[in-house]
Amino acid sequence: MGIEFTEFSARRAVGRMPVEGNTQPVGLLHGGAYVVLGESLGSMAANLHAGPGRLAVGVDINATHTASARTGFVEGVCTAIHLGRSITVHEIVVSDESGRRCSTVRITNMIKELP
């Protein structure tokens with residue numbers, strides 16, 4: 001997928017991904033690629049929040065695509081909505097290089113003790 005992380009904390013994570021190599025047959029960034037970027041950012045931020053000896057696992061994810069990227073990179077900005085003891089919720093806004101929002105992803109993770 002070519003994802004590069006440029007900022008990383010439990011409250012905010014940022015990463016970018018190339019459009020090239022992640023397109024559907026008509027040349028648009030594949031909708032699933034937006035979700036992969038969102039889940040990568042949100043799950044990693046949730047695991048950082050979980051801390052040692054605990055694991056965050058995804059229990060729900062959804063995405064609304066509102067525009068299509070064709071070239072360059074997209075950037076995902078992941079922001080914590082809720083950081084609890086057992087549940088985290090993050091929103092990821094994915095924009096193209098012109099700053100146009102292409103997709104909004106929301107992920108909920110459950111935090112568990114490691115076995």
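Modeller: We can start with a term: a residue is called buried when its relative accessible area is under 20%, exposed when that area is over 50%, and partly exposed in between. The model itself is predicted.

Colleague: By that scale, is Asp96 buried or exposed?

Modeller: The relative accessible area of Asp96 is 13%. The limit for the buried class is under 20%. Asp96 is therefore buried.

Colleague: Which residue does the side chain of Asp96 meet in a salt bridge?

Modeller: The N to O distance of this salt bridge is 2.9 Å.

Colleague: How many salt bridges does a search of the whole structure find?

Modeller: Side chains of opposite charge can pair when their charged atoms come close. Over the whole structure the search finds five.

Colleague: How many residues apart in sequence are the parts that Glu113 and Arg54 tie together?

Modeller: Glu113 forms a salt bridge with Arg54, with the closest N and O atoms 3.2 Å apart. Glu113 is in strand β6 and Arg54 in strand β3, residues 54-65, so the parts tied together are separated in sequence by 59 residues.

Colleague: Which strands hold Asp60 and Arg106?

Modeller: Asp60 counts as partly exposed at 35% relative accessibility, and Arg106 is partly exposed at 35%. The pair ties together parts 46 residues apart in sequence, because Asp60 lies in strand β3 and Arg106 in strand β6.

Colleague: Which element gives the most to the largest nonpolar core?

Modeller: The largest nonpolar core has 18 residues, and Leu29, Tyr34, Ala69, Val74 and Ile92 have the most contacts inside it. At least two residues each come from β2, α1, β4 (73-83), β5 (87-95) and β6 (101-113). With five residues, the element that gives the most is α1.

Colleague: Where is Asn22 placed?

Modeller: Asn22 is buried, at 9% relative accessible area. Beyond four places in sequence, its contacts are Met1, Met17, Leu28, Leu29, His30 and Ala33. Asn22 sits in the loop between β2 (12-18) and α1.

Colleague: How far is the backbone oxygen of Met1 from a polar atom of the Asn22 side chain?

Modeller: Met1 is one of the residues in contact with Asn22. For a polar contact, the N or O atoms must be within 3.5 Å. Here the distance is 3.0 Å.

Colleague: Which backbone oxygen does the side chain of His90 reach?

Modeller: His90 is found in strand β5 and is buried, with a relative accessible area of 0%. Among its contacts beyond four places in sequence are Gly42, Cys78 and Val105. At 3.0 Å, its side chain reaches the backbone oxygen of Ala10.

Colleague: What separates the C-alpha atoms of Val93 and Leu41?

Modeller: Val93 is in strand β5 and is buried, at 16% relative accessible area. Its contacts beyond four places in sequence are Glu75, Gly76, Val77, Arg101 and Ser103, and Leu41 is 52 residues away along the chain. The C-alpha separation is 11 Å.

Colleague: Which residues make the nonpolar surface patch of about 350 Å²?

Modeller: The elements giving two or more residues to the nonpolar patch are β1 (4-8) and α1 (31-50). Leu48, in helix α1, is partly exposed at 43% relative accessibility. The patch is made by Phe5, Phe8, Met44 and Leu48.

Conventions
Residues numbered from 1 in each chain as written. Predicted model: local features only at pLDDT ≥ 70, side-chain atom pairs only at ≥ 80, totals over all residues. Heavy atoms only, no water. Patch = residues over 30% accessible without salt bridge, like charges linked within 9 Å, V, L, I, M, F, W, Y side chains within 5 Å. Areas by Shrake-Rupley, 256 points an atom, 1.4 Å probe, with all protein chains shown as cover. Salt bridge = Lys/Arg side-chain N within 4 Å of Asp/Glu carboxyl O. Helix = DSSP H or I, 4+ residues; strand = E, 2+ residues; numbered from the N terminus. Buried < 20%, exposed > 50% of the residue type's maximum accessible area, 1.4 Å probe, protein only. Polar contact = N/O pair within 3.5 Å; in protein donor to acceptor, adjacent residues only side chain to side chain. Contact = heavy atoms within 4.5 Å. Core = buried A, V, L, I, M, F, W, Y, C linked by side-chain atoms within 4.5 Å.
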